[in-house]
Amino acid sequence: MSPGKVLQPAVKMKVDELFLCWLSQPATQLTLKDCLRRIKNEEKTEIGNADSGNSKNERFTNNSNSKQCILGDTRLPLMSLSPPKLSTALPLATPSSSRNISNVRATRRSSGTKVVQTKKEETLPPWHSQNIPTFYFPRGCPKEKVNIDAVIAKIERTFSEFPNERATLEDMGKVAKACECPLYWKGPLFYCAGGERTGYVSVHKFVAMWRKILQTCYDDAAKFVHLLMNPGCNYLVQEDFIPFLQDVVNSHPGLSFLKEASEFHSRYITTVIQRIFYTVNRSWSGKITCNELRKSNFLQNVALLEEEADINQLTEYFSYEHFYVIYCKFWELDTDHDLYIDRKDLARHNDHAISNRMIERIFSGAVTRGRKAQKDGKISYADFVWFLISEEDKKTPTSIEYWFRCMDLDGDGALSMYELEYFYEEQCQKLDNMAIEPLPFEDCLCQMLDLVKPQHEGKITLHDLKRCKLTNVFFDTFFNIEKYLDHEQKDQFSMLRDGEGESQEVSDWEKYAAEEYDILVAEEAASDQWNDGYEAELNPVDHQKANVLKYQMEKRPFFEMPSHLADVDLDEYDYEEDFE
């Protein structure tokens, strides 16, 4: 590498990623803390004899090179963090050809008896990079040696039970168990082996596919991503989940009633996909990586699908009751039923509780994917799923990030006093219209600062809000008038005490969904009773109109899905675009 040349951006990003990965290891953290404590207490640290190459250890005080001392105990020198490949691609010295050319030019410029002396390069001692334990496992940490041949033999015995050793989608449950996978991996296993083209999977093709996965993927997250992802990718986008979820809809006993209502399949699938990305995709990139999947509890919920016959018990992703609540709330706002809602439609949510300034921020593109919100002033059902969950549970990391993005007008990563006052002004206007004297902004600001306790004076960061236990009170104060008034009727200490005493198993969203579902069921029952009692009093023309309207409401498709493997564009999302 020529003098002055720096690492290319892609290489530097990878080096930084590896360094942060190493730095986040628990063993590294403990060692660094211990070494820093020794330095602070003016103790002596030792460099292991593996680094020095001698039997006698060299000792350094805290006045010597602290970096070398810190890394000596762990035998992890800082310069050797880069993989060995980088050392060959990025040599420390200039190429020999360039040195020879400079020497020739220097010789030509020399005169008579003047001798040109070339500076000999000092050889650097080896950094013993082989002593660094492997810490980066993008496809999972390899466990004890797996007997792949034994697993393959078990799979072959399972296939021998099928005609011509070919498994259909209905047979893949047994194959999934032979692979030691949860039952509902059967769909991804079938499609990854090419079963969608012929309607069956041969033993030879499946064995070749599964052997490759066992040799390259070492945990469930890596295997699941490999089964669902498109060729050449190492992440999952929203369309990748459609075949898997369609198989769940078709085969789970808790969703058997949906078999006769195929037009609702895509609506349910869309809801589940949005909930998956809402919880798992912590980077907001629209692409779920192995690491994100590994850190989430999604695969544990997939395994519970086999054990739990009642789909409504799986409240984090798959609950049909939660889907019913979300969809009904959207249907109430979508008066023209064009599958999109505009600003006026969303403003009617919860009897105009959300401020207009916050509605404008939602449609500004701060928390929506694609350009339709900014271009046409409309958001889709998928966007509404994120809005409703965030609105009803403002304590989760994603919901805090959702509303923080909306309130951060200038996008500087902090909420200034001006931004807080901007949203509070409309709250004051609403209180005046209700004949309620609003609290002056200065007093309100003092309360909110006492509530959040920001680390830096004059601004509130995302980290400050995630540390706060009453973020719902903070957000509702600035853009939800109904919930703000509810909080004002309660004592702050009692709210904090209730929040700490509540069971962590029941979230605010789960409580809201359960209450709303009971209300919707009661309203539906009352509506059916009213129709049974008074439908006969309608004249024939009105009776016919009512039947046509009812038929259109029931049969109108929400999302068209030609097949479970079709290239479905969920709500015209542009998945390649990340959030700005």
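## Overall architecture

Helices (H or I, at least four residues) and strands (E, at least two) are DSSP runs, numbered from the N terminus. On this basis, the protein chain of this predicted model contains 30 helices and ten strands.

Of the 580 residues in the protein chain, 41% are buried. Considering contacts between residues at least 6 apart in sequence, 65% join residues that are at least 24 apart.

Helix 13 spans residues 242-251 and is mostly covered, with eight of its ten residues buried. The buried positions are Ile-242, Pro-243, Phe-244, Leu-245, Gln-246, Asp-247, Val-248 and Val-249.

Against which helices do the buried residues of helix 13 pack? Their partners are helix 9 (186-192), helix 12 (220-228), helix 14 (265-280) and helix 16 (298-307).

## Helix 14 against helix 17

Helix 14, one of the partners of helix 13, also meets helix 17 (residues 320-333), and the axes of helix 14 and helix 17 come within 10 Å and cross at roughly 100°. Angles from 65 to 115 degrees count as roughly perpendicular, and helix 14 and helix 17 are therefore roughly perpendicular to each other.

On the side of helix 14, the contact is made by Arg-267, Tyr-268, Thr-271 and Arg-275. Helix 17 contributes Tyr-320, His-322, Phe-323, Ile-326 and Tyr-327. By class, the contact of helix 14 with helix 17 has five nonpolar, two polar and two charged residues.

## Helix 7 against helix 11

Two packed helices are described by the angle between their axes and the distance between the axes. For helix 7 (residues 148-159) and helix 11 (residues 203-216), the axes come within 10 Å and cross at roughly 155°. Because angles over 145 degrees count as roughly antiparallel, this crossing makes helix 7 roughly antiparallel to helix 11. The crossing of helix 7 past helix 11 is right-handed.

From helix 7, the contact involves Ile-148, Asp-149, Val-151, Ile-152, Ile-155, Glu-156 and Phe-159. From helix 11, the contact involves Val-203, Phe-206, Val-207, Trp-210, Arg-211, Leu-214 and Gln-215. The residues of the contact of helix 7 with helix 11 comprise ten nonpolar, one polar and three charged.

## Cysteines

A disulfide is a covalent bond between the sulfur atoms of two cysteines. How many disulfides does the count give when the sulfur atoms of a pair must lie within 2.5 Å? The count comes to zero disulfides. Cys-192, for example, is in no disulfide, and the nearest cysteine sulfur, that of Cys-217, is 9.5 Å away.

## Positive phi values in loops

Most residues other than glycine have a negative phi. Asn-164 has a positive phi, near 60°, and this residue lies in the loop between helix 7 and strand 3 (166-167). Is Asn-164 buried or exposed? Asn-164 counts as exposed because its relative accessibility is 67%.

His-352 also has a positive phi, near 60°. The loop that holds His-352 runs between helix 18 (343-347) and helix 19 (356-362). With a relative accessible area of 43%, His-352 is partly exposed.

Notes
Residues numbered from 1 in each chain as written. Predicted model: local features only at pLDDT ≥ 70, side-chain atom pairs only at ≥ 80, totals over all residues. Heavy atoms only, no water. Buried < 20%, exposed > 50% of the residue type's maximum accessible area, 1.4 Å probe, protein only. Contact = heavy atoms within 4.5 Å. Axes fitted to C-alpha atoms, helices over the stretch in contact; angles between N-to-C directions. Parallel < 35°, antiparallel > 145°, perpendicular 65-115°, else oblique. Left-handed = near helix turned anticlockwise from the far one by under 90°. Nonpolar A, V, L, I, M, F, W, Y, C, P; charged D, E, K, R; others polar. Disulfide = S-S within 2.5 Å.
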